[in-house]
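This briefing sets out selected features of the structure shown below, grouped by topic. Please read it alongside the sequence and the coordinates.

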Amino acid sequence: MSLKPMSLYPIFAERVRSNIPVALVTVIDGPNIGAMMLVSPSTEALGTLGDNELSRIVARDALGEVEAARTGVRHYGPQGQTTPEDLVDTPTVRVFIEAFSPPPIMWIFGAVDFTAALAKVAKVLGYYVVVCDAREVFATRRRFPMADEVLVSWPSPLFSDRGHALTSRDAVCILTHDPKFDVPAVQGALATNVGYIGVMGSRKTHAKRLERLAEVGITSADQLARLMSPIGLDIGARTPEETAISIVGEIIARRTGRGAPSLRDSDGPIHK
Amino acid sequence: MRELLNDIERWQQAGKQIAIARVVDIEGSGPRDPGAAMAVNEDGEVVGSVSGGCVEGAVVAEALEILRGDKQPRLVKFGYSDDEAFAVGLTCGGIIHLFISPLNW
């Protein structure tokens, strides 16, 4: 069996560009160093690591890694052994499994100036950005050329069509300030597994919004605790661009579970 | 590597040999996570990065040796007090493990 039966790169690049989840598997230590495989869900693994059993077991593991969007090194015996007893006194094969998962998603409700700045910053961080507003004159590609999609829609249809796709990596930012729009957007977002829900508005607006949410039956403390409102970190942001930074800073801090103080004023390792 | 695809393909179309260096592991504080990648072509042109700029120069030298066939694809370690691999180190005190190999797949 040849170790390089086909060109993997073009297929790899095509899958990455089409946002098809793919794991790029490389032997980085052991026999057949440099041997590679491509693994995607619901399709046959391509390439080989040199040993059939090793390839089969690594492909199985890689599938799990790509589904969890995890990248890292795993150790195997030459025929794919994974239990510690089997690995004693055998040369180990170290395999780098790199997961390429579709980019995280950010939905921004409200086609306002803050939206343009937030969409721009979210693109820098690699988000797939969807801007949504019910008002046709505001929700235009011309105003949001940086967004991946600009939709003229009320929140509810978007959530019922596509809300199931949102995961803990994704974010919903509600910047409308308009209860007509805010309330169904919050309602829709709370019904998903989205990791971050931020809602713009002053503390006063927030208090009024809570009353309106209660009117539609959203009163549970657990549900309301998911709302980041007023949205953003307390960094004194004024302009739309500064506010965008405070929002994405909050999204990062929520994901990593940090309290977002300055590094100078905290202890411990910078990267955990 | 996602962000390198366009440059890689531009080089491929120009018939250039290409090596890829990828961060596969970090110990302690490292500036880039596993998966961070840079590509080097036979002319020494570079896209992407694997650290905060601390080790890229040494990686280019290593990649060119691999492209010339003077060295095999391999794991390379850079660390704060690591003077065996190269006389460069990370200012953040961590250790990064890179895998450098030709793009012949």
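Predicted model: local features only at pLDDT ≥ 70, side-chain atom pairs only at ≥ 80, totals over all residues.

A residue is called buried when its relative accessible area is under 20%, exposed when that value is over 50%, and partly exposed in between. By that rule Arg209(A), with a relative accessible area of 5%, is buried.

**Contact between the chains**

- Chain A contributes 28 residues to the contact and chain B contributes 22 residues.
- The area buried between chain B and chain A is about 2,100 Å², and carbon and sulfur atoms give 63% of it.
- On the chain B side, the residues that lose the most area to chain A are Arg2(B), Arg22(B) and Trp105(B), which together account for 35% of what that side buries.
- Between chain B and chain A there are 2 salt bridges.
- Arg22(B) forms a salt bridge with Glu98(A), in which the closest N and O atoms are 3.0 Å apart; Arg22(B) is also among the residues of chain B that lose the most area to chain A.
- Polar contacts across the interface of chain B and chain A amount to 8 residue pairs, with both residues at pLDDT 80 or more.
- Three elements of chain B, namely helix H1 (5–13), strand S1 (18–27) and strand S4 (74–79), each supply at least two residues of the side that touches chain A.
- H1(B) gives the most to that side of chain B, with 5 residues.

**Make-up of chain B**

- Chain B contains 2 helices and 5 strands, and along the sequence these follow the pattern α-β-β-β-α-β-β.
- Chain B has 105 residues, of which 50% count as buried.
- When contacts in chain B between residues at least 6 apart in sequence are considered, 50% of them join residues at least 24 apart.

**The open sheet of chain A**

- An open sheet of 6 strands in chain A has the order S8-S7-S6-S9-S10-S11, and the pairing is parallel.
- S8 and strand S11 (227–228) of chain A stand at the edges with a single partner strand each, so one side of each has no neighbour in the sheet.
- S6(A) and S9(A) run parallel and are joined by 4 bridges.
- Trp107(A) has Val172(A), in S9(A), as its bridge partner.

**Helix H5 of chain A**

- Helix H5 (residues 155–162) of chain A has Pro155(A), Leu158(A) and Phe159(A) as buried residues.
- Viewed down the axis of H5(A), the buried residues fall within an arc of 95 degrees, so they line one face of the helix.
- Ser160(A) and Asp161(A) are exposed residues on the face of H5(A) turned away from its buried side.
- The cover over the buried residues of H5(A) includes strand S6 (105–109), strand S7 (128–133), strand S8 (149–152), strand S9 (171–174) and helix H6 (179–190) of chain A.

**Salt bridges**

- Over all chains, the structure holds 21 salt bridges.
- Arg209(A) and Asp182(A) form a salt bridge whose closest N and O atoms are 3.0 Å apart.
- Arg209(A) lies in helix H7 (residues 203–215) of chain A and Asp182(A) in helix H6 of chain A, so this pair ties together parts that are 27 residues apart in sequence.
- Asp182(A) is buried, at 2% relative accessibility, and Arg209(A) is likewise buried, at 5%.
- Asp178(A) forms a salt bridge with Lys180(A), with the closest N and O atoms 3.3 Å apart.
- In that pair, Asp178(A) is partly exposed, with a relative accessible area of 29%, whereas Lys180(A) is exposed, with a value of 57%.
- In chain B, Asp70(B) forms a salt bridge with Arg68(B), and the closest N and O atoms are 3.4 Å apart.
- Asp70(B) is exposed, with a relative accessible area of 52%, and Arg68(B) is exposed too, with a relative accessible area of 57%.
- A network of salt bridges links Arg60(A), Asp61(A), Glu65(A), Arg70(A) and Arg74(A).

Technical notes:
Residues numbered from 1 in each chain as written. Chains lettered and ligands numbered in written order. Heavy atoms only, no water. Buried < 20%, exposed > 50% of the residue type's maximum accessible area, 1.4 Å probe, protein only. Arc of directions from axis to C-beta. Contact = heavy atoms within 4.5 Å. Pairing = 2+ DSSP bridges. Buried area = accessible area lost by both parts, 1.4 Å probe. Salt bridge = Lys/Arg side-chain N within 4 Å of Asp/Glu carboxyl O. Polar contact = N/O pair within 3.5 Å; in protein donor to acceptor, adjacent residues only side chain to side chain.
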